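This report describes selected features of one model, beginning with a pair of packed helices and ending with the confidence of the prediction.

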Amino acid sequence: MSTTTMSEYRVDPVSGLKINRTANTLVKWNAFAAVVFLLVGGLFGLGVALTRMPSVQLLSPEIFYLALTAHGLINLAVWIIFFEMAVLYFLGAHVLGNRLATPRWAWTQFWLMLVGAAMVAVAVLGGNSSVMMTSYVPLTAEPHFYLGLILFAVGALIGCFVFLGTLVIAKREKTYSGSLPLVVFGGVTATIIAVFTIVSGALILIPTFLWSVGLIEHIDPMMYRVVWWGFGHSSQQINVVTHISIWYLISSLVFGAKPMSEKVSRGAFLLYILFLQLGSAHHLLSDPGLTSAWKIFNTSYMIYLAVLASMIHGLTVPGSIEVAQRKKGLDAGLFTWLRKAPWGNPIFSGMFLSLVGFGFIGGITGVVMSVEQINMIIHNTMYLPGHFHGTLVVGTTMAFMAATYWLIPVVFQRKIALTGMAKWQPYVFSLGAWVFSIALMGAGTMGVQRRHADITFAGQPLAYQYPEIAKGLMDIGEIFGVIMSVGAVMFIIVVLASIFTGERIAEDSAPWPKVEDADVVFEKSGKKHIGIWGMEAPGTFVLAMILFATIILYYFINFKYLSTVWGMS
Amino acid sequence: MSEPISGDVEPHAMQKLLDNNWILLVLGVAVPAVFYTLWGLWNIINIPMAP
């Protein structure tokens, strides 16, 4: 064995990064745990989808609520937060050519999260903790359900501070100069939001655990909801920030692109740090105990500053890709740069599908449903699962999958196996997830309730007949939910096949060809200008205007709809 | 991917803020804690009791 392989670091031939072995082991285990939980949670999700399909109704109500609780917790929290831990360690250690601060604490993070997730799983599968992800009091779960969540959250909090400590070491040991790279700054943003999120979770779950074992008599349901959503919604904001950081990373990796304005992008991340968590209030827009001033300040004023930040990222990421492509010679017309992008590369296709889908499906609907009046039409309906699948599945999960195709060669030192399947996977998954989200939002707009096993209300004393089209939308949505599951299974097969059977990349193998820096190519070309109409990224500008027009149109359609369901006379 | 800051030039105040993870952490926890959590709980505490 050579000296290099014995040392604490190796130079990765795929990425050129200096990789600390201890940190890499932690990245591997967190990423592997994430994918296993994605599989488990996805199976429960498939059960939920096949039950909510009026023409199938697979599970009994008891099992449905158990499956819904398991699916929500595993896919909304466990898969994503394990993956985020892998991303944070990757950013703090690998991107900065650094070692990890306190690897022992990092292992504590891993085991606490794993044991916590297992305790929650045991409680849920035991059948007495079908309280769904929100676990609103006075619904009662087994004490080890709350304790498992607390351990999981504490583990994640430890991971956040290991990441911040790792940055301190990087600065002290001068593994980078100047400011942090933008993607790492995105990781800092996600970590800060995570700290608020986890502290909120601890503030409400610790007393709820004590209540479940009889040490506290009463938890106020309204206070529970306020503090819990500081945890429940903000945890999803961590995902948004992480997947946006991944967009920046992939645009740099695949195209050699640079952000259009790094200062503006950093400013947008700052807006997230300050205001993104305030969006939690939109879950409480129909709660009677909270004042309109609180609701409107948080959801209709402050959150728009975070929306502005999302629009900046949504403009600058494709804009940077367009500029890079134009600098490399694809400068004709409006969309040549996009047409000739590497659509067969799942790293790019997954990332771009995540970007467009998140903007048009998850993003627009999130902005519109945060308006207090419009929220009244869709509050607590299927619209919400439609919306958050549009953010967390269409956006976050797809971005994480795309990043995984790059991480496997770098972290696991294996080539991607089953490349044909990998090439198609983002399209199958996104097709399923996009139509699923849109159809569920359509059904929700017609009033179909969420959190109910049977939309026909068969055998119930207070029957209600939804329009036939609502049932049709539920059927269509869930059929595409099955297609989404097929896409997820394809991803898991590719990942497992690559890790266990993929061709090994030797440490001393020749460096992989680098993507050329767009600026260097442009300089060599001798050209002075790119773009048309005096703009460097006119295609992105047109796409951004289409997004704007869609938001405005969708906003007014909803107000028009509100006027019909809430007549004044 | 970063814009290195020259050692000869004093960084802008905003850049100093963006480079200080600990101040950002305090702000990122304090702002939602005040405007969302504490204000929301204050609303609920002040609901008058039914006679």
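## Packing of α5(A) and α6(A)

Two packed helices are described by the angle between their axes and the distance between the axes. Here, α5 (residues 143-172) and α6 (residues 182-212) of chain A pack at an angle of about 155°, and their axes are 9 Å apart. Angles over 145 degrees count as roughly antiparallel, and α5(A) and α6(A) are therefore roughly antiparallel to each other. The crossing in which α5(A) passes α6(A) is left-handed.

## A:Ile469 in α16(A)

A:Ile469 belongs to helix α16 of chain A, which covers residues 468-501. A residue counts as exposed if 12 or fewer other C-beta atoms lie within 10 Å of its own; A:Ile469 has 11 and is therefore exposed.

A:Ile469 can also be placed relative to A:Ala443: the two residues are 26 apart in sequence, and their C-alpha atoms are 8.0 Å apart in space.

Chain B contains two helices and zero strands. It has 51 residues, of which 20% count as buried.

The contact between the chains takes 39 residues from chain A and 25 residues from chain B. On the chain B side, α1 (13-19) and α2 (21-45) each supply at least two residues. The most is given by α2(B), with 16 residues. Divided by class, the side of chain B that touches chain A has 16 nonpolar, seven polar and two charged residues.

## Confidence in chain A

The average pLDDT of chain A is 92, and 98% of its residues score at least 70. Over residues 1-5 of chain A, however, pLDDT stays under 50. For this stretch, the model has six contacts beyond four places in sequence.

Notes: Residues numbered from 1 in each chain as written. Chains lettered and ligands numbered in written order. Predicted model: local features only at pLDDT ≥ 70, side-chain atom pairs only at ≥ 80, totals over all residues. Contact = placed C-beta atoms within 7 Å. Helix = DSSP H or I, 4+ residues; strand = E, 2+ residues; numbered from the N terminus. Nonpolar A, V, L, I, M, F, W, Y, C, P; charged D, E, K, R; others polar. pLDDT = per-residue confidence, 0-100. Axes fitted to C-alpha atoms, helices over the stretch in contact; angles between N-to-C directions. Parallel < 35°, antiparallel > 145°, perpendicular 65-115°, else oblique. Left-handed = near helix turned anticlockwise from the far one by under 90°.
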